[in-house]
Amino acid sequence: MTLLRSTAGFALSALAAAACSTTSSPPPPASYPPPYGAQPYAYGYGQQPPSYGQPGYGAQPAPYGAQPAPYGAPPQTPAYSPPQTAPATQPPMPVPSVQGAMDPITNTDINWLRQRAASLMQEDVAALPDVAKQRVQGIPLSIDDTPGEVNAFATCNNGTAAMVVTDGLLDISAHLAQARANDDVFGTRKVNDYIQFIAQTQKPNAPVSQPPRGFFDPAQQADARRVARQHDVFDEMLGFVLGHELAHHHLGHLPCTGGTGFLGSSNILRGLSETVPMFNQPNEIAADTAGTDTILTAGARRSGYHLTEGGALLMMQFFASSDQLSPEDILFGFDRTHPPPAIRTPIIQQTANLWRSTGGTWVPLPRL
C-alpha cells in the first residue's frame, strides 16, 4: 500500500518501504468529502497494505480464543479458548450487523469497509492523549476510489487538515485479513500465497487483482472462528495505518496541524522533510511508534479480544515480501521515503513490548 503518495503515509508503493511523496490526489466519490486537489503537504504510507469478533455480525461466532501467536510464526492451528474478558474502559465502536455467509470482509463489501475505516479512525482518536486528541479532533476521512491506488495519507490543503484512505488499500487489507485468519485457524499458508499472487498479477493503474475462485476454501470461509479472526486482523491493520497517519497530524509533521518548530517556524523542517528523504524517515519512525501505541490503547479499551500490533507486523511482512517478489516495482512506484520494513518491524515490536511492560505508557515523542 503505497500509503505515501504525499510526504508521509501508508503507500503500497512497490509494496515495500512505505513511500511518502507529494502529489495530487484524484477527487474522491461524490458521496464523500470534497476532493483535496493538489497535495502540497501530505504524509502517506508507502507500501503494504484493519470489529473483528465483536458482537453485531448476526449469529455470534464460536469462541475464537486467546491472543494469536506472533505474526510471522510458523503456521499452525491454534487452540481456541474463551476470549479475554477484561472490562473495557470505553465501549468498542459499533460494527454493522451482517449475517454469516454475507460477511463484508469475505465479500469485500467496499461500502462496509469504508464505514469501518471511519469507525476505526474515531476509535483511534478517542484513544489519543488529550494534547494529541485536540489537534486531530474533527479531521475528516475521505475516500479515494482511483483504480490501482493502494494508499492512506495525512494531508493539508489550503491550510485544512484531512485524512485519506483508498479503496485499493481497503481491498488488500480485507484479503490479507482473510489470509491471516485462514492461516491462524486452519494452518494454511494463504498470506504467502496472497502476497505472491498480488506481486505476479497486479498491474500499474489497474484495479486490485482479485484472487481466483477457490483461492480460499469455501467451507473454511464460512467457519465462525475464521470470520471472527479476520475482523480482528482487519481492525488491527487499518487501525494501525490510520493511527500512523493521525500521528503525522498530532506530532506536527504537517503545517496545518503543527506549531512553532525548533527553528522558529515548523514549516522549515517540514519543507525539508517533503523533499529530502533522509529528513522524512525520522517522522515515519515516530509515526510508526505513535501508531503502535494508538492501536494498543484503543484495543485495550475493548471488551473481549484486545487488538495487538499483529496487524502492523502483517503489513510489514506484506511490504517486505512484495518488494522482493516485485523487483521492478510494477505495483506502486512512489518515492521511497519510509525506512525499509526490516527497520520498521523491530520498532513496532519494541514499542509494543514497552507499552505492555509499562502498563500502557506511550513512548514520548517530539511534537512540532
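**Entry 1: the strands**

I began with strand β4 (residues 151-157) and β5, which pair in the antiparallel sense over six bridges. Pairing here requires that DSSP finds at least two bridges between two strands. Strands (E, at least two residues) and helices (H or I, at least four) are DSSP runs, numbered from the N terminus. I note that this is a predicted model, in which local features need pLDDT of at least 70 and side-chain atom pairs count only at pLDDT 80 or more, while totals for chains, interfaces and linings use all residues. Residues are numbered from 1 along each chain as its sequence is written, and side-chain values use heavy atoms, with hydrogens and water left out.

I then looked up the hairpin of β4 and β5, which has two residues between the strands. Asn-158 takes a positive phi near 55 degrees there. The bridge partner of Asn-157 is Thr-160 in β5.

On its other pairing, I found that β5 (residues 160-166) runs parallel to strand β3, joined to it by four bridges. Leu-141 stands opposite Met-163 of β5, and Ile-143 stands opposite Val-165.

I checked burial next, where buried means under 20% relative accessible area, exposed over 50% and partly exposed in between (1.4 Å probe, protein chains only). Six of the seven residues of β5 are buried, so this strand is largely enclosed by the rest of the structure. Strand β3 (residues 141-144) is covered on both faces: Leu-141 and Ile-143 are buried on one side, Ser-142 and Asp-144 on the other. In a regular strand the side chains alternate between the two faces of the sheet.

**Entry 2: the nonpolar cores**

I searched for nonpolar cores, meaning sets of buried Ala, Val, Leu, Ile, Met, Phe, Trp, Tyr and Cys residues joined through side-chain atoms within 4.5 Å. The largest has 52 residues, and Met-163, Val-165, Tyr-194, Phe-234, Leu-238 and Phe-318 have the most contacts inside it. Helix α6 (residues 224-250) gives the most to this core, with eight residues. Apart from it lies another core, of six residues, including Tyr-305, Leu-307, Ala-352 and Trp-355.

**Entry 3: His-249**

Which helix holds His-249? I located His-249 in α6. His-249 is buried, with a relative accessible area of 0%. Leaving aside neighbours within four places in sequence, I listed its contacts (heavy atoms within 4.5 Å); among them are Arg-135, Ile-139, Thr-155, Met-163, Leu-254 and Cys-256.

**Entry 4: helix packing**

I took axes as lines fitted to C-alpha atoms, for helices over the stretch in contact, with angles from 0 to 180 degrees between N-to-C directions. Angles under 35 degrees count as roughly parallel, over 145 as roughly antiparallel, 65 to 115 as roughly perpendicular and the rest as oblique.

The axes of helix α3 (residues 167-186) and α6 come within 8 Å and cross at roughly 135 degrees. The two helices are therefore oblique to each other.

Helix α1 (residues 110-127) packs against α3 at an angle of about 100 degrees, with the axes 10 Å apart. That makes α1 roughly perpendicular to α3. I found the contact made by Ile-110, Leu-113, Arg-114 and Ala-117 of α1 and by Asp-167, Leu-170 and Ala-174 of α3.

**Entry 5: Ile-347**

I placed Ile-347 in helix α10 (residues 341-357). Is Ile-347 buried or exposed? Ile-347 is buried, with a relative accessible area of 17%. Beyond its neighbours within four places in sequence, Ile-347 is in contact with Ile-285 and Thr-289. Thr-289 and Ile-347 are 58 residues apart in sequence and 6.9 Å apart in space, C-alpha to C-alpha.
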